[in-house]
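Please open the model in a viewer and keep the selection panel at hand.

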Amino acid sequence: MLVVFGVACLGVVVEAFAPRAARYGAQVLLALAGLVAALVSVVMIARQSEVYGDGAARGILAVGGTIAIDGPTLFLWGLILVLAVAGVMLFAERHLDGGVSAFAGQAAALPGSEAEREASTQGLDHTEVYPLLMFAVFGMLLFPAANDLLTMFVGLEVLSLPLYLLCGLARRRRLLSQEAALKYFLLGAFSSGFFLYGVALVYGYAGSMDFSDINESVRNDAGNSALLLIGMGLLTVGLLFKVGAAPFQAWTPDVYQGAPTPVTAFMAAGTKVAAFGAILRLFYVAFGADRWSWQPMMWIIAILTMLVGALLAITQTDIKRLLAYSSVAHTGFILTGVLGVQATSDLAPGEVSALQAVLFYLATYGFATLGAFAVVSLVRDSAGEVTALNRWAGLGKESPVVAGVFAFLLLAMAGIPLTSGFVGKLAVFSVALAAGAWPVVVVAVAASIIAAFLYIRVIKAMYFDEPVGDGPSVAYPSVLTATTIAFAAAATLMLGVLPGPLLDLAGLAGQFLR
């Protein structure tokens, strides 16, 4: 975490003192080097971490017990850092738009003004996006590791604020981008308010912000349970907003559509991984003893989220909005896995635990989503990216490779066998069934069928529909985006054919430290 934070601060210094021409190269190299160094240190910490109870848990509580460096944290950190490396490579892409990046030349200039035209003519670029990305990654690392409510709130804010800015920095369609950033900021501020008010009420109930103390108070039924239930509800609102669960999903399609596509790719994958890490820790560690209070609420939210995501995705005519609603449906599937929590003693030998299933699903979702949005950035015309679905007609003839990769990633999201999505869905559905949440699994299967229809509709448009006008054209990316797409597709295939190693790694992570 300190490496990532240090690199983010160094990036600000580079912006201040390096000449404009040297900034792009310096920032990209600095960000990539920082992320790789952080990833190596995560692997080293994982190898040396202390093991408790025959591998049931591992790690330590650091910084006065405010940060839990346990197995699930290290797994999530590794995943976030891999996604962040891919994010930096997408941010650094300059081949697609005539030698400039996807970010505005001068964000302060009014859209359509003389200043904007001058910035565009000079080929200016906002290289501040790299330190902003690194600050967001720092927040993403802190969020799932937080072991008390106040640290979790700090993580939430540090992760959110840079993303609000990044969403408004698109080079093309700037008004749409700024509208997306403003919506995200205002709704995010409301959700932070809910979260903070929930923190206050839970503190009033337990007399402590620390998760283990809250757990102890819940076990002993210490205070006024109304305070606990209202506080728990408000905390849930704040966290469910971050993952885009219904009924807090309204910002998702607008923000995913308006933000620059590299930001959408990174945000869709990274934020969900970090926020689900935080949800798991809060509900399993702090409120684990009060499962019967929060599980019925989660049942309703999971069912609602899957149905809203799948049904509204069918009505979309824009590919980024369609992927946004698909992401909402995936949130519901992951919540189905969260519902599968059981006491360790109830698990049969070799049975997948809820934590293991959710960690695996987050990995499969992250790679498939990142790859899909990276492919979206390649289909273009003279005005920039083409996201209208009818303009993708005939893409299979124009560029068989790009259409093939996109179709494969969509099939993975649908959960077709031999893709990572199938194994991920199988894992979360089986843990939910084992915990008795069969009605949620029935709805999940129905939502998966609806979503499969939607993905096949896109594949049909690419391969069987006649192109509109000249048809879509595909820009050839640099090695950065090409590598990212190839890595996402390869990871999706490997996790479908050989899921064992990653499932074992998620199992090896053990339980949360308390």
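In what order do the strands of the open sheet lie, and is their pairing parallel or antiparallel? The order is β1-β2-β3, and the pairing of these 3 strands is antiparallel. The model is predicted, so to speak of local features requires pLDDT of at least 70, side-chain atom pairs count only at pLDDT 80 or more, and totals for chains, interfaces and linings use all residues. Residues are numbered from 1 along each chain as its sequence is written, and side-chain values use heavy atoms, with hydrogens and water left out.

**The sheet.** Select β1 (51-52) and β3 (67-70): these strands stand at the edges, each with a single partner strand, so one side of each is left without a neighbour in the sheet. Strands here are DSSP runs of E of at least two residues, and helices are runs of H or I of at least four, both numbered from the N terminus; two strands pair if DSSP finds at least two bridges between them. V51 stands opposite R58 in β2.

**A helix pair.** Select α7 (residues 174-206) and α10 (residues 251-258), whose axes come within 8 Å and cross at roughly 145°. Axes are lines fitted to C-alpha atoms over the stretch in contact, with angles from 0 to 180 degrees between N-to-C directions. Show the side chains of L176, S177, A180, K183, Y184 and L187 in α7, which meet W251, D254, V255, Q257 and G258 in α10; contact means heavy atoms within 4.5 Å.

**The largest pocket.** Select L74, F75, G78, L502 and L505, which lie nearest the centre of the largest pocket among its 20 lining residues. A pocket is an open set of points on a 1 Å grid over the protein atoms alone, with protein on both sides within 12 Å along at least five of seven lines; a cavity is a set where a 1.4 Å probe fits but cannot get out; lining residues have an atom within 4 Å of a point. The space in this pocket is about 470 Å³, a volume being the space filled by probe spheres set on the points, which are joined across faces, edges and corners. Helix α3 supplies the largest share of the lining, 6 residues.

**The cavities.** Which helix gives the most to the lining of the second largest cavity? Select α11, which contributes 4 residues.
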